[in-house]
Amino acid sequence: MNAETLYRVAVLNTEYANCIDADRLEEWPGLFLEHCVYKITTADNHRRGYAAGLVYADSRAMLTDRVAALREANIYERQSYRHIVGMPALRIGEDITAETPFVVVRTMRDGRMDLFAAGIYLDRVREDGGTLRFAERIVVCDSSRIDTLLAIPL
Amino acid sequence: MDAVVGRTWPAGLTRVPYWVYTDADVLALEQKRVFEGPVWNYLCLEIDLPDIGDYRTTFVGTMPVVVARAEDGALCAFENRCAHRGALICLDDSGSVKDFQCVYHSWRYDLRGNLRSIAFSRGVNGKGGMPADFDMSCHGPRKLSVTTFCGMVFGTLSPDAPEFETWLGPEIVGRVRRVFGNRRLEVIGRFTQALPNNWKLYFENVRDTYHASLLHLFFATFRITRLSSGGGVLVSETGEHHASTTLAPPQGKDSSYQGLRSDKEGFRLADPSLLGMHDEFHDDIQLQILSIFPGFVLQQVHNALAVRQIVPRGVDATDLNWTYLGFGDDTPELRAHRLKQNNLVGPAGYVSMEDGAVGGFVQRGIAAAADELSVIEMGGAGAETQETRATEASVRGFWKAYRAHMDL
């Protein structure tokens, strides 16, 4: 185990969570390579090999579009997330492969808080000009039941 | 006035009282008169049950149901409730079995839902056990009649349900066949969206052609659907079913949305590969939303295909079960395009996410308005097919059918 790699992946995960939780969504696509895969699916869909996601992007530009749509187009009640992200389990090969458990608490504008999602990030991470970025992040939610809507990325 | 509900409904189809979304008595009556009435409820897909012994659990309204493929290959459906003490017979979403055994006291059922054996029915050492004259054939979960259409399985509890395709009518039948043809279906995703509202608010939303391009900015901005595009809404004679269509958009500048929130000319996608349409239906329909009373939706938004099942969970809670579909003969390019276009639909869909929330806005808005009325008057007072989507004809059609079934 390379302690420095573990540290760098943990920092990447922290920055990812902060971008979303602190509403710096515009910076979120920059954590991905230009050609990347971002998908939100569920454990049941993942196990059955179903390819479709709740969110599916195969380019950084599609992530930029997601943020633009959330800012400009989509209607949803004001809400925020709090990510609690666990320790990544790494496998280092040509890419770095990481599996990291997460929990997301959602707080609505009226103060209602819910355990909105729990699951695991299945990542491939790659060096990109001295920075680690996601080549692929598959968000596998433990539950296939989504309350009301999933607007902000997980 | 209905003796059970104890409320009156104003004359005509243009006013709907809000108590219909908030009364617990109404929900109980809907189970009897609508879901268990002479209608066909969507249960699952045929491909969910390819082999003998395969089963899938589903719902008819609030009633839990098992669908299974019996020894002779026939599809059978029965209430998921043990005849003994009422426990669920089947606990998982799907699987494959030789027979079903209730976990509570091991009462055993065959694949058709017939009670076949009772544990310790003769007691132990000559003591206890069931009465000698207990007739297993008189005890069992309620059974449904089952029919299949275009790879989908529908079921009814009523002996009075019309023949399925006659019930849909030739136009709706044609609109379903237009999407499915004879192609082999393939499931590419399954998700459940928990809606914080009465089931009828979602079904109305599906049939509400007026809201689509007003609530959903994404639609209007990219001209996926605008009321000024061609198309219309088809409503079946009884009002039970509908199909709305949007044709390819007119070229050139369209000023009909000027000043509306959903008109944002400056908004463009950085990766427009999400848009566009592979010509798989060989017509000029870009978008077709079709509903079958009381809780089924077939969606074609460009190449994003899904069936949606509406399951009431309480007066103000509804599960929307999404099954995303492709076909066995999809080219890799078409399949990749479907995966991208699924971003438009589902719980996180650029379009559909808002439909998940707006029913809750109504449910909360009417908290103290049981005796007030909603206004459903766009496009007149009738429930006939119209060659425009700037109408609420299809919503009125739903209420026409609903009131006939409910006797309200």
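**Figure 1. Lining of the largest pocket in the predicted model.** The largest pocket of this predicted model is lined by 33 residues. Those nearest its centre are B:Arg56, B:Thr57, B:Asp93, B:Thr192 and B:Asn321. The pocket has a volume of about 730 Å³. Elements of chain A and chain B each supply at least two residues of the lining: helix 2 (43-48) from chain A, and strand 2 (41-45), strand 3 (54-60), strand 12 (185-195), strand 17 (304-314) and strand 18 (317-327) from chain B. Sorted by class, the residues of this lining are twelve nonpolar, nine polar and twelve charged.

**Figure 2. Largest cavity, with B:His211, B:Ala212, B:Phe219, B:Leu287 and B:Ile289 closest to its centre.** The model holds three cavities of 30 Å³ or more. The class count for the lining of the largest cavity is nine nonpolar, nine polar and five charged residues.

**Figure 3. Second largest cavity, with a volume of about 80 Å³.** Its lining consists of B:Phe35, B:Asn41, B:Tyr42, B:Phe59, B:Val60, B:Gly61, B:Pro294, B:Gly295, B:Gln309, B:Ile310 and B:Val311. Strand 2, strand 3 and strand 17 of chain B are the elements that contribute two or more residues to this lining. Strand 17 of chain B provides the largest share, three residues. Seven residues of the lining of the second largest cavity are nonpolar and four are polar, with no charged residue.

**Figure 4. Salt bridge between B:Asp371 and B:Arg7.** The closest N and O atoms of this pair are 3.0 Å apart. The pair links distant parts of the chain, as the two residues are 364 residues apart. B:Asp371 lies in the loop between helix 8 (352-365) and strand 19 (373-375) of chain B, and B:Arg7 in the segment before strand 1 (15-17) of chain B. B:Asp371 has 62% relative accessibility and therefore counts as exposed. B:Arg7, with a relative accessible area of 24%, is partly exposed.

**Figure 5. Salt-bridge network that includes B:Arg335 and B:Asp330.** The network links B:Arg183, B:Glu186, B:Glu280, B:Asp330, B:Arg335 and B:Arg338. Within the salt bridge of B:Arg335 with B:Asp330, the closest N and O atoms are 3.0 Å apart. B:Arg335 and B:Asp330 are buried. Over all chains, the count comes to 41 salt bridges.

**Figure 6. Salt bridge between A:Arg106 and A:Asp114 in chain A.** The closest N and O atoms of the two side chains are 3.6 Å apart. Both A:Arg106 and A:Asp114 are buried. Side chains of opposite charge can pair when their charged atoms come close.

**Figure 7. Nonpolar surface patch of B:Leu88, B:Leu91, B:Val103 and B:Tyr104.** Together, the four residues of the patch, B:Leu88, B:Leu91, B:Val103 and B:Tyr104, have about 450 Å² of accessible area. One of them, B:Leu91, is found in the loop between strand 5 (75-79) and strand 6 (94-96) of chain B. B:Leu91 counts as exposed because its relative accessibility is 61%, and exposed means over 50%.

Note on methods:
Residues are numbered from 1 along each chain as its sequence is written. Chains are lettered from A and ligands numbered from 1 in the order in which they are written. This is a predicted model: local features need pLDDT of at least 70, side-chain atom pairs count only at pLDDT 80 or more; totals for chains, interfaces and linings use all residues. Side-chain values use heavy atoms; hydrogens and water are left out. On a 1 Å grid over the protein atoms alone, a cavity is a set of points where a 1.4 Å probe fits but cannot get out, and a pocket is an open set with protein on both sides within 12 Å along at least five of seven lines; lining residues have an atom within 4 Å of a point. Grid points are joined across faces, edges and corners, and a volume is the space filled by probe spheres set on the points. Helices (H or I, at least four residues) and strands (E, at least two) are DSSP runs, numbered from the N terminus. Ala, Val, Leu, Ile, Met, Phe, Trp, Tyr, Cys and Pro count as nonpolar, Asp, Glu, Lys and Arg as charged, and the others, Gly among them, as polar. Patches are made of residues with over 30% relative accessible area and no salt bridge: like charges are joined within 9 Å, nonpolar side chains (Val, Leu, Ile, Met, Phe, Trp, Tyr) within 5 Å. Accessible areas come from the Shrake-Rupley method with a 1.4 Å probe; for residues, only the protein chains shown count as cover. Buried means under 20% relative accessible area, exposed over 50%, partly exposed in between (1.4 Å probe, protein chains only).
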